[in-house]
2 protein chains.
Amino acid sequence: MRNVAIVGAGMTRFGKYQDRGLKELTNEAVTAALESAGMDKQGLQVAIVGNAAAGLITGQECIRAQVVLREMGIDKIPMVNTENACASSSTAFQLAWLYVASGMYDVALALGVEKMYSEDKSRTMAAFGAAVDVEQLREIMQRLKPPSEQKAGGESGAGKSRSMFMDLYAAAARAHMERYGTTKEQFARIAVKNHNNGSLNPHAQYREVYSLEEILASPMIAEPLTRLMCSPIGDGAAAAILVNEEKARQYTTEPVWVRGTALVTGSDTRAEDGGETARAAQRAFEMAGMTPRDVNVMEMHDASAPAELMLYEELDLCDEGEGGRLIDEGVTEIGGRLPVNTSGGLLAKGHPIGATGVAQIYEIFQQLRGEAGDRQVKGAKVGMTENGGGMVRGEAAATVVHILSV
Amino acid sequence: MRNVAIVGAGMTRFGKYQDRGLKELTNEAVTAALESAGMDKQGLQVAIVGNAAAGLITGQECIRAQVVLREMGIDKIPMVNTENACASSSTAFQLAWLYVASGMYDVALALGVEKMYSEDKSRTMAAFGAAVDVEQLREIMQRLKPPSEQKAGGESGAGKSRSMFMDLYAAAARAHMERYGTTKEQFARIAVKNHNNGSLNPHAQYREVYSLEEILASPMIAEPLTRLMCSPIGDGAAAAILVNEEKARQYTTEPVWVRGTALVTGSDTRAEDGGETARAAQRAFEMAGMTPRDVNVMEMHDASAPAELMLYEELDLCDEGEGGRLIDEGVTEIGGRLPVNTSGGLLAKGHPIGATGVAQIYEIFQQLRGEAGDRQVKGAKVGMTENGGGMVRGEAAATVVHILSV
């Protein structure tokens, strides 16, 4: 397969845009990506668009790519709509890579775009429910509870789908506390770090800095998760332009290469294979010919603060049960040995579902080009993104890992 | 890129399945495809699933592939959800081809699955509305009217989305009649042919044979379209297994090769470039190193009878305005020079939106292997599928053409 480079990337600031729809958000992100690449829109040869929720929120299913891209004068080229819940646009990014790596096209656009806010809040909530197999939901809830609660049984009261996801994260966090002595302060420290990073990112939805006490004192969503430990609902778009080696040399002196890409789904034999995140990372590193120790900066799927702490362990940044120690020691802060979620992550940058995957790519693209401003990781040469989406039978429906380097 | 072959394909009969959901339909089609290939489900390395309407009909968005495939014990492998309205699973087929052609995987599953029937009929109707850009709808209606009606202006009364699509086909049919003298009997003859073909296909939703008079006498939907000239609403699934050359030799002595694949979207300059169907076909034939004259059997997107007649012209089977003559002369019947829609097409086999693309592939797979029974085209060596989906700014949002050969 051919070498593939990113030569341009752009995104909107994530946020609550009552007056802007999918078309406007797309236009801003794609225009920024084209400008970043120094490319005219006529240069695009194929477009892959990730969106998770427009069908349920706006009624626009089926051909979202065509609706948003034709509006800005992009036509004729193949357009593929893809979704994988919160990993929709990292899936789009893999497909864009594949179209170029295969030799079928030389220039591909990967776009993630999402509009979560709706005047009808029930529509936003329905979109979260669509990211699980509803028939399987009760079984999952029971399995993820910490041991001390499993006998109690009964319903968890997860009537609304978003709180259902946070209930799942909270249950997993409580289990981690019971097993390893992890504290709620350690989870809160993840949120302190990511909100601090977000304050340095002009594209972040939330740019306030919070103390540990403020994180812990914000309203309780589900013990031990307070509101500031949960990713917010938001709107936004992110775009990246991928090209073959010849085009890369033509458009830039600073290409960011795609070294590894892996997409996996969960299994019924997690205990034996280490789970889907570990499998995705392993496959991506094999493809890249690298190990986790080669990575200088990582974006990962901190839909809640405990999720990031547990991902440290699943991604082998530390041993099992040692995630709390890692955040205590500042290893994953900007300035630490391996900065994580320098963008502010889902917690502070925001999490417009289908836009998140390419927004992670955008952050690593900026970091590896040395364009990340106040949040720049000095000398970053290799970056990684990890993006998870949906849930079936107790595991992520889609986990996508990308490894990029200069 | 590597050579890619289809080594197995399967489908459910299309129809109205009040008691069967997406999971059951998937299981039947994928199991049939695996049996046809002589492959165990553990042999699959990546799966791409096309579905257009589950989000609006069942509330299951985002991770439909994982929900239906995990249920039948397929896990761990990459699963990609894609949609392009009525061309959803031909898009999935192109992606499956791409994963194998690129060298990333050796065995890919392409699945199309759709459940259109719902006890709540408004959900089925909403799914059709999602295949257009609703903001653009009024402009399209005006543009597609025949010249004599354009001045009248006003609303067409297309309150319901499915009738809206049939209104569009009817308007285009009336324009064709005005311009070229095409008759409603010629459109009806397409329906006679396809219902006759469907009567020979055990997987067809409708297996009745109709006379020209019966087609014309069935209830009027929108002049000149009667009900029997419109594709029905239905449920179903179709699956195909694509492999690289080495695996093809391992699994079968009768591989069906994918010679060309093209996906395009419409443009704002149709007058200059011949339209999206012509562009898709041109690209696919270039890739295959073939011309339309090499093809022995074709499946095309006869969502209405006039659509097939007009596709004869767009696909260069005859000159512009000569489609009526082609059907009159029997050229596209089984036994004619170039049989079209031997499966019964969308009109008689049925049209469960997201399942249609791979179902077309299934028909050509059977024809090229000589396994099409009473509807076998003798000596067929090369086949083609054409599948259109959705509409933006007056043209198909996605048109996909595949060329297959033994």
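The area buried between chain A and chain B is about 4,900 Å², and carbon and sulfur atoms give 52% of that. Buried area here is the accessible area, with a 1.4 Å probe, that two parts lose on being put together, summed over both. The size of an interface is often given that way.

Some housekeeping. This is a predicted model, in which local features need pLDDT of at least 70 and side-chain atom pairs count only at pLDDT 80 or more, while totals for chains, interfaces and linings use all residues. Residues are numbered from 1 along each chain as its sequence is written, chains are lettered from A and ligands numbered from 1 in the order in which they are written, and side-chain values use heavy atoms, with hydrogens and water left out.

Back to the interface. In contact are 60 residues of chain A and 60 residues of chain B, where contact means heavy atoms within 4.5 Å. Of the interface residues of chain A, 100% are also interface residues in chain B, so the copies meet through the same surface.

Now the symmetry. Chain A is superposed on chain B by a rotation of 180 degrees with 0.0 Å of shift along its axis, at an RMSD of 0.0 Å. The two copies are thus related as by a two-fold rotation axis. The superposition is by least squares on the C-alpha atoms of residues with pLDDT of at least 70 in both copies.

Next, the polar side of it. The rule finds 38 residue pairs in polar contact across the interface, both residues at pLDDT 80 or more. A polar contact is a pair of N or O atoms within 3.5 Å; within protein, one must be able to donate a hydrogen and the other to accept it, and residues adjacent in sequence count only if both atoms are side-chain atoms.

Which element gives the largest share of the side of chain A that touches chain B? That is H4(A), with six residues. Helices (H or I, at least four residues) and strands (E, at least two) are DSSP runs, numbered from the N terminus. By class, this side of chain A has 27 nonpolar, 18 polar and 15 charged residues. Nonpolar covers Ala, Val, Leu, Ile, Met, Phe, Trp, Tyr, Cys and Pro; charged covers Asp, Glu, Lys and Arg; the others, Gly among them, count as polar.

On to strands. S3(A) is joined by three bridges to strand S3 of chain B, residues 79–83, and the two run antiparallel. Strands pair if DSSP finds at least two bridges between them. The bridge partner of A:Asn81 in S3(B) is B:Glu83.

B:Glu83 also forms a salt bridge with A:Arg64, the closest N and O atoms being 3.0 Å apart. A:Arg64 lies in helix H3 of chain A and B:Glu83 in strand S3 of chain B, so the pair joins two chains. A salt bridge is a side-chain nitrogen of Lys or Arg within 4 Å of a carboxyl oxygen of Asp or Glu. B:Arg70 forms one with A:Asp268, at 2.7 Å between the closest N and O atoms.

Last, some backbone geometry. A cis peptide bond joins A:Glu223 and A:Pro224, with omega about 0 degrees; A:Pro224 sits in the loop between strands S5 and S6 of chain A.
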